[in-house]
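Thanks for coming, everyone. Let me put the structure up, and then I'll walk you through its contacts.

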Amino acid sequence: MTIQEALEKTQQLGTSDETINHIRNAGLLSVVLPGGVLDFNKKKSQKLLQLLKAVGGADLSMGRIYEGHINALYLIHLFATQEQKERWFNDAGEGNLFGVWNAQPDNGLQINCSNNIFTLNGNKTFCSGTGYVTRALVTGNINSDTVKGYQMCIVNTAAIPETQINKSAWKPLGMQSSDSFTINFDNYSDSTDNLFGNEGDYLKQPYFTSGSIRFAAVQLGGAEALYNETICYLKNQNRINDTFHIARVAEMTTQIEAGNNWLRQAAAYYDRWYDDDEYIKKLMAYTNMTRTAIEKICTVVIELSIKSAGARGLNHPYKTEQLVRDLYFYLRQPASDAAFADIGKFVIEQEAGIENIWNDSNGFI
Ligand SMILES: Cc1cc2nc3c(=O)[nH]c(=O)nc-3n(C[C@H](O)[C@H](O)[C@H](O)COP(=O)(O)OP(=O)(O)OC[C@H]3O[C@@H](n4cnc5c(N)ncnc54)[C@H](O)[C@@H]3O)c2cc1C
């Protein structure tokens, strides 16, 4: 199965076991592993964001789940020991789907350790891909004699009883099929070999903040799908010669291309700056700008598309209404106000001035 075929199947089938099989068969679960085409060591952010955008464009829920898989493997790549990397990369190579389940209600998750065994207690919310994800990267508060802080671990989801998965509270505006359920992890236990990284590594910068370019890529994929669907609808209705529709298509085209430019530049800066301490804050500010700009772009595309599709176009058999609901909901990502404020703070802090702040080149020629 080629990647293109897997994407077409994803678009046709939506999020399902069959879709994940196609994604697996196209090699997309192992694409970032050592030696893979998008091996994290090769600094391939440009292509990785394009891939995430394509999966999001085929199906936003699948895009969200796939992004979680990539995020988990990236955190393992950054923070796991060599033995753990070999074990979990091997799991991914064998077709296990990973996810990152960090969001939590106020009380969160506690990790207790005793005799080389850790035990979890508490809940996680928004666990995307529940039922599909077989290895979940879960975060929690650890409090042992030697370690205190926010800790990552890998959970084998087959060991979580079905009765501890709350599906009934998942009644979202969109993204229903991402199955982002609430899970109670009480009494889950495993060997401490499955705890990884130092406490606090999950929040380490620039990785924590700059990871937002990956969900922004998935979002932009959804916006492009909506844009394409709107143009198809207008053509089918023979309304494409109307000046107002033409103007809206022009505006959507401009917005989508602006989003692609943001992604391209963010990917270039990510690969250039993420491992250089001098550029950490600059990269965080740039990626905060990227996610903020793409959120706005997607919102504008939704408004223009709704206006062109009208009530009829927002109804069966057109896909517009689902695309709108999914995208609108998926635009809600953590700490959007704080991300925006941090851009302003970064710029104001620049004592050397802000001339050429985003531009590495010297002079005009
Ligand atoms: C479809 C979908 C799937 C998801 N899947 C996963 C997943 O698999 N794993 C995972 O870990 N998470 C997942 N998430 C959760 C996601 O990472 C966020 O936690 C969630 O989207 C936060 O959304 P919110 O708008 O409710 O956030 P909030 O943080 O409540 O933000 C709402 C508003 O309040 C503001 N705000 C935030 N904090 C404060 C504060 N302290 N004081 C005042 N204002 C504040 C924000 O800027 C924003 O304007 C998913 C989310 C979605 C939508």
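One of its oxygen atoms sits 2.8 Å from a backbone N or O atom of Arg332. How much of the ligand does the protein bury? Taken alone, the ligand exposes 960 Å², and the protein buries 59% of that. Keep in mind that this is a predicted model.

Two further contacts belong here. A backbone N or O atom of Ala103 is 2.8 Å from an oxygen atom of the ligand. At Val100, a polar backbone atom lies 2.8 Å from a ligand nitrogen. In total, 15 residues surround the ligand. Asn102, Phe126 and Ser128 are among the closest.

Now the charged pairs. The whole structure has ten salt bridges. Take Lys53 and Glu224 as one of them: their side chains meet at 2.8 Å, N to O. What does that pair tie together? Lys53 is in helix α3, residues 45-58, and Glu224 is in helix α7, residues 212-236, so the bridge ties together parts 171 residues apart in sequence. Both Lys53 and Glu224 are buried.

Next, helix α5. Arg87 and Glu83 form a salt bridge, again 2.8 Å from N to O. These two are four residues apart in helix α5, residues 82-93, so about one helical turn separates them. Arg87 is partly exposed at 25% relative accessible area. Glu83 is partly exposed too, at 44%.

Asp91 reaches out to Arg135, with the closest N and O atoms 2.9 Å apart in a salt bridge. Asp91 lies in helix α5 and Arg135 in strand β4, residues 135-143, so this pair ties together parts 44 residues apart in sequence. Asp91 and Arg135 are both buried.

On to the rings. There are 19 aromatic pairs in the whole structure. Stacked or edge-to-face: which is Phe79 with Tyr207? The ring centres are 6.1 Å apart and the planes stand at 85°, so it is edge-to-face. This pair links distant parts of the chain, with Phe79 in helix α4 and Tyr207 in helix α6, 128 residues apart. Phe79 and Tyr207 are both buried. Elsewhere, ring pairs join Trp262, Tyr269, Trp273, Tyr279, Tyr286, Phe346 and Trp358 into a cluster.

Last, the cysteines. Cys232 is partly exposed, at 43%.

Note on methods. Residues are numbered from 1 along each chain as its sequence is written. This is a predicted model: local features need pLDDT of at least 70, side-chain atom pairs count only at pLDDT 80 or more; totals for chains, interfaces and linings use all residues. Side-chain values use heavy atoms; hydrogens and water are left out. Buried means under 20% relative accessible area, exposed over 50%, partly exposed in between (1.4 Å probe, protein chains only). Rings of Phe, Tyr and Trp (its six-membered ring) pair if their centres lie within 6.5 Å; planes under 30 degrees apart count as stacked, over 60 as edge-to-face and the rest as tilted. A residue is near a molecule or strand if one of its heavy atoms lies within 4 Å of it. A polar contact is a pair of N or O atoms within 3.5 Å; within protein, one must be able to donate a hydrogen and the other to accept it, and residues adjacent in sequence count only if both atoms are side-chain atoms. Accessible areas come from the Shrake-Rupley method with a 1.4 Å probe; for residues, only the protein chains shown count as cover. A salt bridge is a side-chain nitrogen of Lys or Arg within 4 Å of a carboxyl oxygen of Asp or Glu.
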